[in-house]
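Q: Can you take me through some side-chain contacts and a helix in this one?
A: Fine, here it is.

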Amino acid sequence: MWVKLCCLLLYFLALFVLARVFEAVAWYESGFLATQLVDPVALSFRKLRTILECRGLGHSGLPEKKDVRELVEKSGDLMEGELYSALKEEEASESVSSTNFSGEMHFYELVEDTKDGIWLVQVIANDRSPLVGKVHWEKMVKKVSRFGIRTGTFNCSSDPRYCRRRGWLKSTLIMSVPQTSTSKGKVMLKEYSGRKIEVEHIFKWITAHAASRIKTIYNSEHLKEEWNKSDQYHVKIYLFANLDQPPAFFSALSVKFTGRVEFIFVNVENWDNKSYMAEIGVYKTPSYILRTPEGIYRYGNNTGEFISLRAMDSFLRSLQPEVNDLFVLSLVLVNLMAWMDLFITQGATIKRFVVLISTLGTYNSLLIISWLPVLGFLQLPYLDSFYEYSLKLFRYSNTTTLASWVRADWMFYSSHPALFLSTYLGHGLLIDYFEKKRRRNNNADEVNANNLEWLSSLWDWYTSYLFHPIASFQHFPFDSDWDEDPDLFLERLAFPDLWLHPLIPTDYIKNLPMWRFKCLGVHSDEEMLETFQDSESDSDSENREVFSSEKEVSEDDDLNTFHSRSEGEPRCSTETCSCANKYCHPEPYERKARSYGSYSTAGDMEPDWSAWPSDMLHCTECVVCLENFANGCLLMGLPCGHVFHQNCIVMWLAGGRHCCPVCRWASYKKKQPYTHPQPLSSDAPS
């Protein structure tokens, strides 16, 4: 997870640097930056009209270029970035979809139950033609969609009873606007009563009703009263302009941020005394002033702060976000991080997509589960102060120059999705290249595995979990009522040795005990020889039964075909393990390969048994490699108590032989710990 997070942060850093490169290239080719102001006098009539349409100002009664230019200047400063975005938006001939309502419930869910948006609905009465023709309606839909106004068509033939109850006996236009200034308030429906059925007249009717929700100030006394008033709104945005009504984008934002931000329009058209404006820091008009408890912020001075709906919406969302905004942001970031698994995972193509689907499901589930308690905590009354401090932190951080760059980059890449996806793909391919180069030195088989090989291994893994005890869930050591493991006999009946045994996960190996072999002192050769002779004579009688049973066991090189040893096989009954000279008894085929009577270690020193775990059997020889334990070597013990070299037993278990090489006890099953008996008294009668 941390690797994917680092890769995602590296990708965002690359996007930030790439945006600065694009700005440098644009400045080198054209000689201007996106934040550079544009003189409206140098623009053509078509470009000026495009700017007015994007800002939502009517220009139908202004036939001359001079009047259009003055209206642009009155609405706000024009930057190169805003001009470029407006021209690109006009050239894009994308068709905007309009909703067709199927009945009363559909209309209620989308229109009357929507508390933070504006709807324009054309009602077509029974056996009547629509009020606005198809061509004009498409123009209307495209014009109002720039300001977040949604459109739809309700045909009364689908629900005539609802139309009669509403009084829609003739074709008309219906506009829905939130009635109150509180979030999730009531919605009022307005019916168009104009005689002229033209796009510009209908748009003026829409903007007039939307602007009526904005508080308007006409004199300095009212401004002073409003400026010093403290109410529920912590964030207020003022528009000081010489206009009849605020632009449509300003009115549309007031509906969208209902209950979060208060929009105030200050009409300075007939003001003679503007001294109070200078006192509060407003020296020119038009000006967009954001007032917060932390101070005053002049919108339009930083990068990407254009006089448009999209730019101001992004700015206000960063200052006063909703919980839904934060959830959507976290959802996008989590999915971008999860998709990094497609490039980090190496091997077959099917493996990559299987891991990707698993990661997407896991990350999204964890995200939703983690958001549930957060939503519950935010509803607690004593967390209001925490919520206010969080918003204060958002306002402090998002009014910086770095935050303005991030918002500008977000608008740029979101308006060019192909560039965003191509850079993400290129970043992923670079990660895939370096990851493949790193893993090729460690495990070439994993990198070069094809789809068929990986599917085969996946099937083996699935069947091993489906038909075999899940060893990965059994953490060794542990104490439970199943230590005796009564199902061992049933397992052998279900999977006899003639069948193909399923694979068992090897993650239990890391839980096996490990320690280092240590020696205490040095013994002379005579003492070692005498000890060897005594122990060999003592062990002859004890191992006679074992040697007789060994004759019945056939030798076989494949360790996986050995049968489980009988219950009559001798177990360790002395201080060590019934092995010659106090050492572990080897397998029959191993005894024939080498004698295990040797007591001496690599340095002829006495082993330090105090360093051994209490449930491990004492021995100094590994029956896998047939070598003595050297001083300082790493040992590993199995649940049955037998001890081996760590490397030897790991290779044995990883090869699919999940049992002890000596007693054949399952290496992933707990066994009753062995207790060393007290030595017998030396003066006992013979």
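A: Lys436 forms a salt bridge with Asp432, and their closest N and O atoms are 3.9 Å apart. A salt bridge here is a side-chain nitrogen of Lys or Arg within 4 Å of a carboxyl oxygen of Asp or Glu. This is a predicted model: local features need pLDDT of at least 70, side-chain atom pairs count only at pLDDT 80 or more, and totals for chains, interfaces and linings use all residues. Residues are numbered from 1 along each chain as its sequence is written, and side-chain values use heavy atoms, with hydrogens and water left out.

Q: Where do Lys436 and Asp432 lie?
A: Both are in helix H18 (residues 417–440), four residues apart, about one turn of the helix. Helices (H or I, at least four residues) and strands (E, at least two) are DSSP runs, numbered from the N terminus.

Q: Is Asp432 buried or exposed?
A: Asp432 is buried, at 12% relative accessible area, while Lys436 is partly exposed at 27%. Buried means under 20% relative accessible area, exposed over 50%, and partly exposed in between (1.4 Å probe, protein chains only).

Q: How many salt bridges by this rule?
A: The count is 25.

Q: What does Arg20 pair with?
A: Asp409, with the closest N and O atoms 3.0 Å apart. The pair links distant parts of the chain, since Arg20 is in helix H1 (residues 2–30) and Asp409 in helix H17 (residues 401–415), 389 residues apart. Both Arg20 and Asp409 are buried.

Q: And what about Asp313 and Lys256?
A: They form a salt bridge, closest N and O atoms 3.5 Å apart. Asp313 lies in helix H12 (residues 309–319) and Lys256 in helix H10 (residues 248–256), so the pair ties together parts 57 residues apart in sequence. Asp313 is buried at 11% relative accessibility, whereas Lys256 is partly exposed at 34%. Both belong to a network of salt bridges that also links Arg260, Arg317, Glu322 and Asp325.

Q: Changing topic: which residues of H9 are buried?
A: In helix H9 (residues 220–227) they are Ser220, Leu223, Glu226 and Trp227. Down the axis they fall within an arc of 125°, so they line one face of the helix. The arc is that of the directions from the helix axis to the C-beta atoms.

Q: What is on the other side of H9?
A: Glu221 and Glu225, both exposed.

Q: What do the buried ones pack against?
A: Among others, strand S6 (215–217), strand S7 (236–241) and helix H11 (275–279). Contact means heavy atoms within 4.5 Å.
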